[in-house]
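Please open the model in your viewer and keep the selection tool at hand. We will go from stop to stop, picking a few residues at a time.

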Amino acid sequence: MTAYAEFHRRSIQDRDGFWAEQAQLVDWKSAPTQVCDYSNPPFAKWFVGGTTNLCHNAVDRHLKDRAGQAALIAVSTETNTERVYTFAGLHAEVQRMAAVLKDLGVQKGDRVLIYMPMIAEAAFAMLACARIGAIHSVVFGGFASGSLASRIEDSEPKVIVSADAGSRGGKVVEYKPLLDEAISLSSHKPGAVLLADRKLAAMNIVAGRDHLWGALREKHLNTVVPCEWVESTHPSYTLYTSGTTGKPKGVQRDTGGYAVALAASMKHIYCGNAGETYFSTSDIGWVVGHSYIIYGPLIAGMATIMYEGLPTRPDGGIWWSLVEKYKVTVMFSAPTAVRVLKKQDPALLTKYDLSSLRALFLAGEPLDEPTAQWISGSLKKPIIDNYWQTETGWPILGIANGVEQKASKFGSPGVPMYGYNVMLMDDAGEELVGGDKKGVVMVEGPLPPGCMQTVWRDDDRFVKTYWQKLNGKYVYSTFDWGVRDADGYYFILGRTDDVINVAGHRLGTREIEEAISSHPNISEVAVVGVADNLKGQVAVAFAVVKDASVLVDDAAHAKLEAEVMKVVDNTIGAVGRPARVRFVAVLPKTRSGKLLRRAIQAVCEGRDPGDLTTMEDPAALQQIKDLTAA
Ligand code: ATP
Ligand code: MG
């Protein structure tokens with residue numbers, strides 16, 4: 001057995017022994033008395049009896065060795081500012097924020113909603129909540145008032161922390177009016193609103209409710225706020241899933257299990273060391289931002305870069321310039337961002353000294369082969385796909401190079417990570433054994449530390465949504481469809497909802513999309529299954545063309561459509577050939593960059609597309625509507 005296989009085996013078969021060891025990667029005020037309490041499945045309680053604090057582990061415990069080293073590097077190409085906070089500086093700011101939140105009435109267990117752009121104050125607010133045992137609920141700053149209102153309603157925050165405005169591509173996006181509207185729409189009203197004033201937009205201050213961070217901070221320049229030691233199982237935060245498949249689910253995370261899971265992943269998966277710099281290009285509004293902009297790197301004693309701005313402004317080399325400047329060793333991004341960079345001048349990648357960088361991790365959606373090949377060829381560094389969910393907080397599938405160097409396979413996010421007993425299940429609810437099997441990706445309970453505890457205030461929904469019984473045991477469904485090859489590597493084929501059934505043949509949308517995107521003139525594509533009287537379902541593709549100038553007339557459209565179909569015929573076979581290939585300017589995506597296939601499918605079938613609150617650009621869906629109506 002290889003070193004990693006043994007590591008994984010032990011994490012499952014000697015679960016408690018394995019995780020007791022990992023628990024030593026973090027500081028505890030009092031040590032846990034039980035590693036895992038799984039007496040009430042599928043609910044798992046990790047490190048029961050232990051008390052700890054996330055902020056202590058992320059900040060305070062590093063003061064001894066690295067008080068003067070960089071901890072938080074807040075870069076904005078929107079306001080052209082770079083602020084570097086050392087661990088000591090971050091410690092001071094977090095205490096100021098904690099003191100202000102306490103003044104505004106926040107106590108242990110209270111919720112604080114954070115609706116902020118990617119500025120340092122957002123990190124202060126998250127860490128300050130953790131420090132005093134308050135539960136933060138970060139709402140992505142790009143959401144408008146409706147989405148925000150429903151999250152205020154659900155989390156019932158005592159305080160909301162926000163700002164006057166964000167900025168995107170040089171355009172100021174005002175937050176305050178959206179926040180005011182959201183509060184008026186919500187039946188729950190926060191006791192106070194704390195505002196960072198970036199002087200980007202004028203604010204309408206509501207007397208008695210709204211407070212300015214800058215002014216309150218002045219009162220607490222030297223206030224000491226000790227960490228509140230909380231139970232390991234104390235909720236640290238709630239966060240909504242991206243809403244790709246429907247109404248977002250409110251994920252609740254614990255404290256101790258999360259700290260251990262992140263510390264372990266920094267060591268075994270991301271291989272980041274204290275004193276180095278980590279750069280995740282995500283947003284604090286998403287789970288990657290929670291785990292790998294804020295908590296993970298800081299727990300590991302690394303400096304973390306928080307970036308506000310576009311990947312292409314002032315030019316497509318901006319991220320690489322940051323890698324050079326801050327000697328980034330570990331970088332984390334998403335395939336959607338890489339596709340954006342791929343359209344830029346390739347010379348930008350060789351302009352900077354990237355010698356510090358050891359690996360680029362990508363997650364969030366399937367990494368298609370052309371994108372993987374491009375970035376791997378240009379960067380000449382390991383590109384490591386990893387597969388996980390808001391629900392799990394850290395990778396389910398990946399490569400744990402910290403345990404054993406293992407080759408990646410293109411198109412595969414790798415093998416089950418330690419702690420996850422991953423299995424494939426067929427339609428009849430039976431486990432599929434052996435290699436070369438296709439099924440729903442499931443995880444046997446208990447989920448490892450760091451995963452969701454429950455759906456916020458809805459245990460019933462947690463059990464009913466995610467869990468089913470297999471051979472008398474609870475198994476968790478990822479709602480993703482995958483293949484396991486003979487070497488135990490998994491390939492994600494798409495969401496279970498996205499599986500297309502053409503005349504009895506089941507195909508993942510991903511398989512067809514992969515084939516189509518290998519056509520040299522296709523930059524991106526979404527495939528959906530559309531109801532068909534004859535075949536049950538047919539595949540329909542919507543593709544973005546790299547060079548749209550070739551589409552001069554109907555004949556040119558038809559020619560490209562035929563070419564694309566031919567590519568599918570040659571790679572998958574005629575069974576996968578889409579009934580239609582339509583060309584569009586842009587595809588409908590969530591704000592986190594995920595394809596909204598369910599919305600496209602609904603439109604194609606003339607149904608209501610449902611919850612679209614997380615959609616980026618409504619015009620994208622409109623174009624598809626127009627095309628299908630025509
Ligand atoms: P919702 O659950 O609300 O529909 P969502 O599933 O998009 O939204 P997230 O938790 O942000 O919300 O995304 C997790 C999903 O993203 C996974 O279940 C999977 O479908 C997809 N995903 C994440 N990483 C990868 C990856 N490396 N390869 C393929 N798919 C991935
Ligand atoms: Mg999901």
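Are Arg131 and Asp60 buried or exposed? Select the two and look: both Arg131 and Asp60 are buried. Keep in mind as you go that this is a predicted model.

**Stop 1: Arg131 and Asp60**

Show the side chains of this pair. They meet in a salt bridge, with N to O at 2.8 Å. Now colour helix α6, residues 120–132, where Arg131 lies, and the loop between α3 (54–58) and α4 (63–66), which holds Asp60; the pair therefore ties together parts that are 71 residues apart in sequence.

**Stop 2: Arg313 and Glu78**

Next, select Arg313 and Glu78, whose side chains form another salt bridge, 3.7 Å from N to O. This pair links distant parts of the chain, 235 residues apart. Arg313 sits in the loop between β17 (303–308) and α12 (318–325), while Glu78 is in the loop between β4 (70–76) and β5 (81–86).

**Stop 3: Arg198 and Glu308**

Now pick Arg198 and Glu308. Their closest N and O atoms are 2.7 Å apart, in a salt bridge. Arg198 belongs to the loop between β11 (192–196) and β12 (210–212), and Glu308 to strand β17, 110 residues away. Arg198 and Glu308 are both buried.

**Stop 4: a network**

Which residues are linked in a network of salt bridges? Select Arg339, Glu365, Asp368, Glu524 and Lys589 together to see it. The count of salt bridges for the model comes to 39.

**Stop 5: the sheet**

Switch to a cartoon view and find the open sheet of 7 strands, ordered β5-β4-β17-β16-β18-β19-β20 with mixed pairing. Walk to its edges: β5 and β20 (383–385) each have a single partner strand, so one side of each is left without a neighbour in the sheet. From one strand to the next, the twist averages 20 degrees.

Notes:
Residues are numbered from 1 along each chain as its sequence is written. Chains are lettered from A and ligands numbered from 1 in the order in which they are written. This is a predicted model: local features need pLDDT of at least 70, side-chain atom pairs count only at pLDDT 80 or more; totals for chains, interfaces and linings use all residues. Side-chain values use heavy atoms; hydrogens and water are left out. A salt bridge is a side-chain nitrogen of Lys or Arg within 4 Å of a carboxyl oxygen of Asp or Glu. Helices (H or I, at least four residues) and strands (E, at least two) are DSSP runs, numbered from the N terminus. Buried means under 20% relative accessible area, exposed over 50%, partly exposed in between (1.4 Å probe, protein chains only). Two strands pair if DSSP finds at least two bridges between them. Axes are lines fitted to C-alpha atoms, for helices over the stretch in contact, and angles run from 0 to 180 degrees between N-to-C directions.
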